[in-house]
Amino acid sequence: MDLKANHSAPILADPTPINKQRLGIHDSLLPCSPGTIFSQGLFLTLPWKKPGVLDDVRSTSWLDAMKSSSPRNRAKNNGIDFSSNDVDVAYRDWMLKYPSALASFEQIANSAKGKRIALFLDYDGTLSPIVNNPDHAFMSNPMRTAVRNVAKYFPTAIISGRSREKVRKFVGLKELYYAGSHGMDIMGPVRPPTDHNTTGTVRSTNEEGKDGNLFQPASEFLPMINEVFVALVEITKDIKGVKVEDNKFCVSVHYRNVDEKSWQTVAQYVQETLKQYPRLRLTHGRMVLEVRPVLKWDKGKAVEFLLESLGLKNCDDVLPIYVGDDRTDEDAFKFLRDSDRGYGILVSSEPKESNAYYSLRDPSEVMKFMKSLVMYKESIP
């Protein structure tokens with residue numbers, strides 16, 4: 001199946017040719033309309049980034065940007081003392097704008113009547129708890145069962161900032177789509193042979209040796225990403241608590257366990273390293289700085305791409321739902337809000353602004369929500 005010509009493609013300064021292959025489709029779904037194409041002509045040109053510019057926090061200092069992802073400092077910035085007894089009141093007031101997806105499930109179910117749900121999930125903080133050591137962010141067996149059960153009824157994808165291989169090992173389920181590196185590394189099942197070719201995918205095999213279709217719009221960036229990873233490991237090795245993680249198409253510098261007095265040093269080291277790589281940009285998430293390629297590609301684009309690959313993007317009978325907890329998930333929330341066709345659900349135990357429609361407090365509520373989806377589907381005659 002081919003993709004629509006109006007799809008927003010990755011933006012490269014000097015893109016290399018990309019092969020044309022087929023993209024996967026969920027076995028239980030048929031395309032809404034076959035024969036569209038993901039056009040090569042949609043690749044645009046981006047001006048080279050000025051070295052050392054923090055991409056999405058230009059109006060603040062490096063230190064302020066890092067503090068903004070700290071729950072403690074975010075509470076202060078919002079004028080709320082979350083250590084006080086007012087926390088429940090503040091959260092209830094916030095939920096007037098972002099109602100609980102559990103309490104509002106009947107409304108969501110009504111919106112889903114006569115439609116096919118497509119479910120997209122973040123991993124860290126959504127399916128697993130946020131932990132001090134990112135290598136220990138394991139999901140529970142009950143959560144794994146909930147994900148497996150919901151995937152029996154709805155096409156389900158995990159879209160994570162982690163490498164695709166890593167998040168797949170954490171989840172351990174074969175029946176899902178996996179998108180790593182914020183959607184820059186997507187593996188889907190092989191499509192039926194009658195479908196058209198799709199630009200940007202190559203035939204590959206997954207970790208279990210099964211055939212699949214691989215989409216990696218940032219493949220040309222791998223050498224420089226690897227160089228930056230090695231450089232950052234070396235330059236930060238004497239800072240206690242720093243964890244530099246190789247997520248294939250991005251490098252994550254975790255400072256959750258670093259003394260706040262050393263945060264600025266971490267930021268300066270990253271900034272100095274990136275001066276040599278103007279085609280890489282820096283963003284920040286939940287207590288992490290992330291080095292990423294200069295591509296117009298994010299979790300919102302990944303959702304859009306997967307919907308198109310499933311033949312669901314331009315169908316009126318589809319309800320996409322995205323569940324996530326991090327600022328990188330806001331791109332997916334915004335895509336769904338702007339297209340006015342699905343729901344973003346923010347996982348947060350603290351009040352914060354979002355493009356989501358609904359909220360869930362923590363991963364335990366995410367699990368309850370997925371169980372509710374299964375019960376809803378099983379109740380339909």
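Let me start with the loop between strand E4 (177–180) and strand E5 (185–189), which holds His-182. Helices here (H or I, at least four residues) and strands (E, at least two) are DSSP runs, numbered from the N terminus. Phi of His-182 is near 60°, a positive value in a residue other than glycine. Most residues other than glycine have a negative phi. At 2% relative accessibility, His-182 counts as buried, where buried means under 20% relative accessible area, exposed over 50%, and partly exposed in between, with a 1.4 Å probe and protein chains only.

Before going on, the basis of all this. This is a predicted model, with local features needing pLDDT of at least 70 and side-chain atom pairs counting only at pLDDT 80 or more, while totals for chains, interfaces and linings use all residues. Residues are numbered from 1 along each chain as its sequence is written, and side-chain values use heavy atoms, with hydrogens and water left out.

Met-287 is another residue other than glycine with a positive phi, again near 60°. Met-287 sits in the loop between E11 and strand E12 (288–293), and is buried at 6% relative accessibility. In strand E11 itself, residues 280–285, we find Arg-281. Arg-281 is buried too, at 13% relative accessibility. A polar atom of the Arg-281 side chain lies 3.3 Å from the backbone oxygen of Pro-293. For a polar contact I take a pair of N or O atoms within 3.5 Å; within protein, one must be able to donate a hydrogen and the other to accept it, and residues adjacent in sequence count only if both atoms are side-chain atoms.

Next, helix H4, residues 105–112. Which residues of H4 are buried? They are Phe-105, Ile-108, Ala-109 and Ala-112. Seen down the axis of H4, these fall within an arc of 100°, so they line one face of the helix; the arc is that of the directions from the helix axis to the C-beta atoms. What covers the buried residues of H4 includes strands E2 (116–121), E13 (318–324), E14 (343–347) and E15 (358–360), and helix H11 (363–379), with contact meaning heavy atoms within 4.5 Å. After H4 comes Gly-114, with a positive phi near 75°.

A search of the whole structure finds 13 aromatic pairs. Rings of Phe, Tyr and Trp (its six-membered ring) pair if their centres lie within 6.5 Å; planes under 30 degrees apart count as stacked, over 60 as edge-to-face and the rest as tilted. Tyr-343 and Tyr-357 have ring centres 5.8 Å apart and planes at 80°, so this pair is edge-to-face. Tyr-343 lies in strand E14 and Tyr-357 in the loop between E14 and E15, so the pair ties together parts that are 14 residues apart in sequence. Tyr-343 is buried at 15% relative accessibility, whereas Tyr-357 is partly exposed at 26%. Tyr-343 also pairs with Tyr-358: the centres are 5.2 Å apart and the planes at 75°, so that pair is edge-to-face as well. Tyr-358 is in strand E15, so here the parts tied together are 15 residues apart in sequence. Tyr-358 is buried, with a relative accessible area of 4%.

Elsewhere, ring pairs link Tyr-91, Trp-94 and Tyr-98 into a cluster. Two arginines lie over rings. Arg-361 is over the face of Tyr-91, at 3.9 Å from the ring centre, and Arg-337 over the face of Tyr-357, at 4.0 Å. The rule is that NZ of Lys or CZ of Arg is within 6 Å of the ring centre and within 35 degrees of the ring normal.

On to helix H5, residues 141–153, which contains Asn-141. Asn-141 is exposed, at 55% relative accessible area. Its side chain makes a polar contact of 2.9 Å with that of Arg-144.

Last, the cysteines. How many disulfides are there? The count is zero, taking a disulfide as a pair of cysteine sulfur atoms within 2.5 Å. Cys-250 is buried, with a relative accessible area of 0%, and Cys-315 is buried at 5%.
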